[in-house]
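Please view the sequence and the model together while reading.

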Amino acid sequence: MIPYRVSQIRRLGPARLTAGLDQHRRLDLDTHRSIHGELGTESVDTLISMAEDVDLRGRGGAAFPFARKLRAVAARARASETVVLVNGAEGEPASVKDKMLLTRAPHLVLEGALLAARALNSRQVVVAVAAGEMAEASMTAAVAERGAQDAVRVAPIPERFISGEGGALVKAVNGQAGIPPGRKARSSDSGVDGLPTLLSNTETFAQLAILGELGPEVYGSVGTVQEPGTTLLTVGGSAVFPAVVEVTPGVPLPSVLDLCEAAVGDGVLIGGYHGAWLSAAQAYGAVVSRRGISQAGGSLGAGIVVPLGGETCPLGETLRVANYLAAQSSGQCGPCRLGLPDLARAVAEVSGGSTHGIELVRRAASAVRGRGACSHPDGSARFVLSALEAFADDVEEHRVHGTCGRPVLEMLPLPAAETREARLMVDWSRCQAHGLCAHVAPGLVKLDQHGFPAVEEGGVPPWLRAEARRAVEMCPALALRFPPTSA
């Protein structure tokens with residue numbers, strides 16, 4: 001999916017989640033137990049108390065208190081069977097930390113999930129993973145190594161950006177379409193097979209295993225008072241050494257970037273494609289913690305750190321992702337199905353230098369925020385609006401000159417299928433500046449001051465592909481075309 005190697009591990013602090021991964025590519029059961037030992041059984045009240053003592057929170061993005069989830073399912077366990085569901089569907093293209101755990105330290109994840117399952121006397125542990133990836137094979141092998149096929153089920157599901165949303169995940173595991181349900185449904189009330197379900201992210205269950213191994217006092221001996229322990233970051237973008245980095249909350253963000261030899265350039269994306277951009281000045285003053293990143297103007301989310309560097313066009317990069325987010329809509333509400341394409345078109349206007357582009361973006365973002373059936377429109381709007389603020393100088397450069405003069409180097413990772421999207425190109429040996437293409441496909445082609453076409457960066461989004469084909473077919477000089485590799 002992305003060019004990060006899940007084998008690349010770096011640290012700023014003690015090795016807990018990544019212990020042993022310097023010496024072993026994958027920790028089998030014997031190796032895992034030689035490093036982490038074997039967990040016993042805790043009562044649900046003890047487990048809740050331990051999670052509260054260290055304020056253990058979900059590491060999938062929302063940072064919901066784990067103890068509250070555990071208590072909610074425990075309250076229903078007296079009257080119903082329960083299920084523990086591990087959310088290993090890492091649909092966020094810029095993150096690989098969970099894939100790293102599932103692939104290289106699968107037993108750490110299983111230990112945490114089984115610890116919770118024993119406390120709740122759950123019927124089963126379900127591990128949902130992206131179908132066909134190494135994580136599925138590794139987790140299936142780990143279950144077999146334990147002889148736990150009756151207690152643990154590995155559930156491969158199709159991977160999309162929205163596949164990790166809790167309601168979408170439950171539907172996929174239950175054999176339905178893996179899209180958000182459209183109305184808020186708590187898995188603690190009804191989840192897998194309609195049973196009360198303890199649902200949390202891959203890293204969260206690994207953290208629970210570490211908490212069970214060390215106890216609250218030792219677990220909280222590193223990090224900050226508000227956010228004890230360690231956390232995982234995926235660092236990519238301009239990094240010379242892209243890696244999953246285990247850090248203690250409280251370290252400066254520049255220290256993480258220096259560790260991976262990453263240039264900040266125009267800014268740093270924090271929290272992924274539902275996160276926010278920090279300007280260079282904000283990034284250099286930021287501290288890695290939920291509180292620290294929030295104070296800098298962003299959200300730590302699932303621990304995604306993408307420094308942009310200074311060689312690529314920030315608006316072109318933003319447009320690529322805006323097109324991708326629009327295409328990832330589940331298509332079940334107007335703000336997502338219609339509003340996100342409008343938002344992507346507005347970003348294209350800004351990238352093309354339109355004097356009304358910023359107003360169009362703000363209007364499109366206002367039309368989707370708070371109105372969607374799930375959080376996808378809100379997160380997409382947040383990503384785009386933060387780009388306008390963080391890259392204000394680049395926005396002005398595009399407004400004045402129509403471009404910043406930099407290419408789009410695709411520093412922001414997208415799934416392989418998206419990178420093979422249709423693109424338009426102009427054969428300049430044929431083009432005679434008829435201008436028809438700009439009239440047929442105004443969302444894709446603009447005319448420069450001499451009447452020659454300027455094709456928008458970022459490829460052809462799905463909702464404009466019919467328009468692009470018409471423009472290619474109607475070009476009088478046969479100058480507009482799709483490259484041979486385009487879909």
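Which residues lie nearest the centre of the largest cavity? They are Cys 431, Gly 435, Cys 437, Pro 453 and Cys 475, part of a lining of 15 residues. The model is predicted: local features need pLDDT of at least 70 and side-chain atom pairs pLDDT 80 or more, while totals for chains, interfaces and linings use all residues. Residues are numbered from 1 along each chain as its sequence is written, and side-chain values use heavy atoms, without hydrogens and water.

**Cavities**
- The whole structure holds six cavities of 30 Å³ or more (a cavity is a set of points on a 1 Å grid over the protein atoms alone where a 1.4 Å probe fits but cannot get out; lining residues have an atom within 4 Å of a point).
- The largest has a volume of about 120 Å³, volume being the space filled by probe spheres set on the points.
- Its lining comprises twelve nonpolar, three polar and no charged residues (Ala, Val, Leu, Ile, Met, Phe, Trp, Tyr, Cys and Pro are nonpolar, Asp, Glu, Lys and Arg charged, the others polar).

**Helices α14 and α15**
- Helix α14 (residues 357-368) packs on helix α15 (residues 376-390) at about 160°, with axes 9 Å apart (helices are DSSP runs of H or I, at least four residues; axes are fitted to C-alpha atoms over the stretch in contact, and angles run from 0 to 180 degrees between N-to-C directions).
- The pair is therefore roughly antiparallel (over 145 degrees).
- Contacts (heavy atoms within 4.5 Å) include Ile 358 and Val 361 of α14, and Leu 385 and Leu 388 of α15.
- This contact has nine nonpolar, no polar and two charged residues.

**Helices α5 and α8**
- The axes of α5 (residues 106-120) and α8 (residues 202-219) come within 7 Å and cross at roughly 75°.
- These helices are therefore roughly perpendicular (65 to 115 degrees).

Methods
On a 1 Å grid over the protein atoms alone, a cavity is a set of points where a 1.4 Å probe fits but cannot get out, and a pocket is an open set with protein on both sides within 12 Å along at least five of seven lines; lining residues have an atom within 4 Å of a point. Helices (H or I, at least four residues) and strands (E, at least two) are DSSP runs, numbered from the N terminus. Angles under 35 degrees count as roughly parallel, over 145 as roughly antiparallel, 65 to 115 as roughly perpendicular and the rest as oblique.
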